[in-house]
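Let's take a friendly walk through a protein structure together. Keep the 3D view open as you read.

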Amino acid sequence: MTLIDIEGVKKIYDLGAEKIHALDGVSLKIERGEYIAIMGPSGSGKSTIMNILGCLDTPTSGSYYFEDEEVSKMDDNQLAGIRNEKIGFVFQTFNLLPRISSLQNVELPLIYGGVSLESRRERAELVLERVGLGDRMNHKPNELSGGQRQRVAIARALANEPSIILADEPTGNLDSKTGEEIMVLFNEIHEAGNTIILVTHEEYIAENAHRIIRLHDGLIASDEVVRMHTMN
Amino acid sequence: MIEYFNSFMIAVESLSKQKLRSALTLVGIVIGVSSIIGIMTTMEAIQTYMENSLSVLGSTVFQVQKTPFMNVGPSDRHKYQNRKDIKIEHADAIRDRAKKVANVGAEDWTYGRVIRYKKKSTEPVYLVSGATPEWSPNNGYYVDVGRFLTQLDVDYSRFVMVIGIEVVEDLFPFIYPIGETVKFEGRNFEVVGIIEEQGSEMGQSRNNMLVIPITVYQKIYGKEGSINITISAKSSELLNGAIDEIITIMRAVRKVAPGEDNDFEIFNSESLIAFWNDMSRNFKIGSILISFISLMVAGIGIMNIMMVSVTERTKEIGIRKALGARKKHILTQFLIEAVLLSLTGGLIGVILGVLLGNVVASLMNLSITIPWFWVVVGLIFCSLVGIASGFWPALKASRLDPIESLRFE
């Protein structure tokens with residue numbers, strides 16, 4: 001089943017003197033259950049496609065269907081609704097709120113989803129246990145290691161049971177050992193049936209994915225299904 | 001509903017995480033609200049007292065005096081000083097001619113006097129009144145033991161004295177005072193009566209009085225200066241008629257030409273209450289104005305701190321938006337924060353103000369009051385200040401672009 005269908009998407013930034021074509025006509029289909037890595041050097045349009053896929057931004061032209069809904073025509077509030085219900089973000093810098101506990105951080109998307117206090121707490125505890133932080137629920141981000149913080153962020157991304165997990169350089173701020181542990185977690189999450197899109201510039205991180213899409217100058221340079229390394 | 005409760009919790013949380021800053025922002029609101037509530041509390045206590053005590057004084061009693069109850073300004077002062085004095089003869093003239101009055105008394109007052117009994121001497125704290133027999137019913141002070149002054153005491157300038165209960169306690173702790181001789185202003189007086197115990201007024205005791213015949217009073221302190229004439233009408237229906245009658249008599253006796261203003265003043269409890277209301281209204285308007293200004297300033301302070309807060313928390317707003325917060329979520333979060341901030345200040349201000357006002361009231365021996373109307377007005381106004389000053393920053397926050405905000409460091 002097609003989850004994401006983008007067709008001829010362009011994103012043009014008008015800087016007055018010049019127009020920047022961050023995306024210059026990108027078409028892409030993503031099926032449910034896929035595990036995709038998007039790669040490319042800086043300036044290739046990686047972040048832009050990430051923002052558009054994540055419904056943080058809308059394309060200048062072209063169409064974007066997410067689960068058969070046309071996202072490219074939506075207003076800010078509708079986009080917020082899609083982000084809340086369908087998309088789980090994992091960022092390079094974790095982006096946890098520093099002054100509240102892990103549990104409260106994980107509850108955030110549930111709050112905006114209008115989930116009641118009780119079931120919110122229950123679900124947040126459940127996902128935190130799932131990422132192996134059952135004993136760290138009341139710790140604040142600054143009381144946790146980098147790897148643990150990223151686990152909280154992943155738990156937060158999973159909390160609303162989204163259709164897709166969007167991870168932007170999820171291991172970029174971690175040492176390689178911790179990074180590997182996080183990738184093991186992503187692989188587990190994928191095996192549990194989730195759709196994952198990774199944005200990365202690290203070849204060995206991308207190798208976890210089933211499909212690698214390479215961008216260059218706002219266009220898709222290659223899109224290939226690769227063999228898994230870690231599948232046992 | 002749940003969304004608003006959550007916004008509320010988020011707001012409480014972020015405020016409590018910034019305790020010092022929140023506290024400093026509150027100061028302006030606290031000052032504004034506590035000053036108005038404090039003043040209103042005191043005013044209300046005084047008002048209650050005034051209404052009670054003046055109605056006790058009787059709705060039929062009024063006074064004729066040379067100068068107004070309170071001088072309005074330095075220029076007027078001169079005009080009042082130059083009026084002819086009011087004398088005992090005026091009281092006599094009124095007593096002879098007026099038909100609608102029950103009692104006409106002449107009285108004069110001084111204070112800070114000493115009285116001696118044998119070797120014992122008191123502090124100079126006594127209130128002295130030169131009086132006629134009508135003093136007692138007109139002022140509402142009645143004799144408990146012995147008798148009050150009589151017309152004969154006045155006519156023959158007898159050295160007799162009626163004393164308050166405090167004087168008894170000071171000088172005659174173990175002796176029956178009636179018939180004893182006390183020394184006052186170098187002369188011997190016979191104690192003939194004791195005034196029943198009185199409550200105190202505005203922190204002033206009314207039990208420390210010495211009452212002597214006005215003729216004796218004038219022998220001691222001289223005939224110069226003005227006296228007060230205290231008059232009670234035959235009934236409250238006759239009060240206005242009695243006042244008109246007295247004005248006519250006084251104008252005739254004092255030869256005031258037709259068309260000229262009265263050269264004397266008339267008060268009764270109503271006009272005193274009216275005077276008080278007049279004065280307190282200006283006072284209230286003044287304090288409302290000051291509080292309003294300080295709340296406005298405080299509102300600008302809140303707006304400023306909310307602006308800073310929005311800028312500082314750009315990243316947080318970006319994260320919240322990425323996680324699905326809509327504009328209204330962010331807007332209500334910051335709006336509730338601003339309202340909560342000013343309302344907390346308002347509550348502290350109310351508590352402080354009520355405490356302060358009642359401390360002042362109790363220093364004046366007034367009963368404790370809470371000006372509910374002003375408490376409600378104050379809190380509503382605080383919420384409005386919060387909404388007004390929080391709206392712009394909150395709107396700014398809600399309109400932030402999620403991508404830009406997430407990039408913010």
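This is a predicted model: local features need pLDDT of at least 70, side-chain atom pairs count only at pLDDT 80 or more; totals for chains, interfaces and linings use all residues.

Chain B holds 14 helices and 12 strands. Its radius of gyration is 32 Å, well over the 22 Å that the globule rule gives for 409 residues, so chain B is more spread out than a compact globule. Of the 409 residues in chain B, 39% count as buried. Now think about contacts in chain B between residues with a separation of 6 or more: 82% of them join residues 24 or more positions apart.

Next, turn to chain A. Strands of a sheet pair through backbone hydrogen bonds, either parallel or antiparallel. Here, four strands of chain A make an open sheet in the order 2-1-4-5, with antiparallel pairing. Strand 2 (19–31) and strand 5 (69–70) of chain A are the edge strands, each pairing on one side only. Strand 5 of chain A is joined to strand 4 (residues 61–66) of chain A by two bridges. In strand 5 of chain A, A:Glu69 is the bridge partner of A:Phe66.

Finally, how do the chains meet? At this meeting place, 21 residues of chain A are in contact with 19 residues of chain B. On the side of chain A that touches chain B, helix 2 (76–86) and helix 3 (102–112) of chain A each supply at least two residues. Helix 2 of chain A gives the most, with six residues. By type, the residues on this side of chain A are nine nonpolar, eight polar and four charged.

Technical notes:
Residues are numbered from 1 along each chain as its sequence is written. Chains are lettered from A and ligands numbered from 1 in the order in which they are written. Two residues are in contact if their C-beta atoms, placed from the backbone, lie within 7 Å. Ala, Val, Leu, Ile, Met, Phe, Trp, Tyr, Cys and Pro count as nonpolar, Asp, Glu, Lys and Arg as charged, and the others, Gly among them, as polar. The radius of gyration is taken over C-alpha atoms; the globule rule is 2.2 Å times the number of residues to the power 0.38. A residue is buried if 20 or more other C-beta atoms lie within 10 Å of its own, exposed if 12 or fewer, and partly exposed in between; C-beta atoms are placed from the backbone. Two strands pair if DSSP finds at least two bridges between them.
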